[in-house]
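Welcome, and please take a moment to look over the chain shown here. We will walk through it together, one feature at a time.

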Amino acid sequence: MKLHVLDCGAMSCDLTWLLLKPGRTIRPRSERDKPVEWYPCTTHAVLVETGEGTLLWDTSCPRDWETRWEPTGLQEYFPYDQVTEEQYLDAQLGRLGFAPENIDYVVLSHLHFDHAGNVRLFANTGAKLICHQKEKEFAFGFEGPFTGAHLKADYEGLEFETVSGDTEILPGVTLIEAPGHTPGTMAMRVDLPETGTMIFTSDAVYMGDSYGPPAVPAAIVNDLSAWYASVEKIRSIAEQSNAMVVFGHDAEQLRSMRTAPHGYYS
Ligand SMILES: [Zn+2]
């Protein structure tokens with residue numbers, strides 16, 4: 001088993017989106033004139049090679065983000081402008097010797113545009129596209145072309161298989177229900193022979209600062225009480241399995257990790 005972390009660069013954004021924290025993003029009176037903190041909102045995908053198939057976890061942002069996101073207005077708030085040519089998802093896969101046709105499963109933690117932005121690369125390749133049942137219901141169920149960061153242009157017309165409940169999808173790879181950020185957000189647990197357990201939280205936990213304890217909320221949460229429960233669920237699984245917890249958008253953490261194509265976890 002080999003697990004590759006694909007560093008797909010970063011969006012830039014006001015950190016307040018990710019972390020509602022007094023003293024960091026919420027200012028005391030002594031700092032009322034200090035500018036807001038803009039943060040490199042890193043984005044990653046994970047490629048897991050197993051004896052029973054190859055799985056891609058999330059697909060990051062698209063190359064054409066500026067025009068594709070334009071209807072939402074969010075390209076002004078989350079410009080995907082800290083990315084090199086070799087960091088785009090297709091280039092990251094290519095550097096590892098993978099084409100979209102070589103991937104058996106593409107699992108979306110949720111269908112926001114910075115996670116599902118490249119899922120269309122896997123249309124008609126034979127890959128199974130997988131998300132949570134509640135995510136599919138929500139993402140296909142609203143009126144109009146977008147709501148928040150769910151953008152139908154990313155995924156409309158694609159066939160998704162769905163899971164619900166915590167699901168072992170390949171030996172040693174388990175999808176964990178972690179709703180709150182969106183109705184069907186999932187985390188992924190991978191039990192590796194040498195490294196041990198890794199948990200990829202996606203947007204169930206944005207960054208180490210969000211994890212706490214106590215957990216620190218964000219501006220983009222669909223259901224705050226579900227979100228808190230999901231953070232504690234992940235914490236409890238992580239404690240039982242002594243896992244390395246990898247957060248969805250933590251720039252400092254991502255930079256400290258082994259990333260493709262130079263390093264991997266096994
Ligand atoms: Zn999201």
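What follows is a short tour of an annotated span, some charged pairs and a surface patch.

The model is predicted, so to speak of local features a pLDDT of at least 70 is needed, side-chain atom pairs count only at pLDDT 80 or more, and totals for chains, interfaces and linings use all residues. Residues are numbered from 1 along each chain as its sequence is written, and side-chain values use heavy atoms, leaving out hydrogens and water.

Let us begin with the annotation. An unreviewed UniProt entry lists residues 42–249 as "domain: Metallo-beta-lactamase"; its positions are given in the numbering used here, the feature name is shortened, and such annotations may be inferred rather than shown by experiment. Helices (H or I, at least four residues) and strands (E, at least two) are DSSP runs, numbered from the N terminus.

Next come the charged pairs. Side chains of opposite charge can pair when their charged atoms come close. The structure holds 13 salt bridges, each being a side-chain nitrogen of Lys or Arg within 4 Å of a carboxyl oxygen of Asp or Glu. One of them joins D154 and R68, at 2.7 Å from N to O. This pair links distant parts of the chain, with D154 in helix α4 (residues 152–155) and R68 in helix α1, 86 residues apart. D154 is buried, at 1% relative accessibility; buried means under 20% relative accessible area, exposed over 50%, and partly exposed in between (1.4 Å probe, protein chains only).

Another salt bridge brings E232 and R235 together at 2.8 Å, N to O. Both residues lie in helix α6 (residues 224–241), three residues apart, about one turn of the helix. E232 is partly exposed at 36%, whereas R235 is buried at 9%. Elsewhere, salt bridges that share partners join K21, R24, E37 and D209 into one network.

K34 and E31 also meet in a salt bridge, at 3.8 Å from N to O. Here K34 is partly exposed, with a relative accessible area of 46%, and E31 is partly exposed at 23%.

Our last stop is E66, in helix α1 (residues 65–68). With a relative accessible area of 47%, E66 is partly exposed. Where on the protein do E66, E70, E76 and D81 gather? They form a patch of negative charge on the surface. Patch residues have over 30% relative accessible area and no salt bridge, with like charges joined within 9 Å and nonpolar side chains (Val, Leu, Ile, Met, Phe, Trp, Tyr) within 5 Å.

Definitions and conventions:
Areas by Shrake-Rupley, 256 points an atom, 1.4 Å probe, with all protein chains shown as cover. Lys, Arg positive; Asp, Glu negative; His and termini not counted. Charge placed at Lys NZ, Arg CZ, Asp CG, Glu CD.
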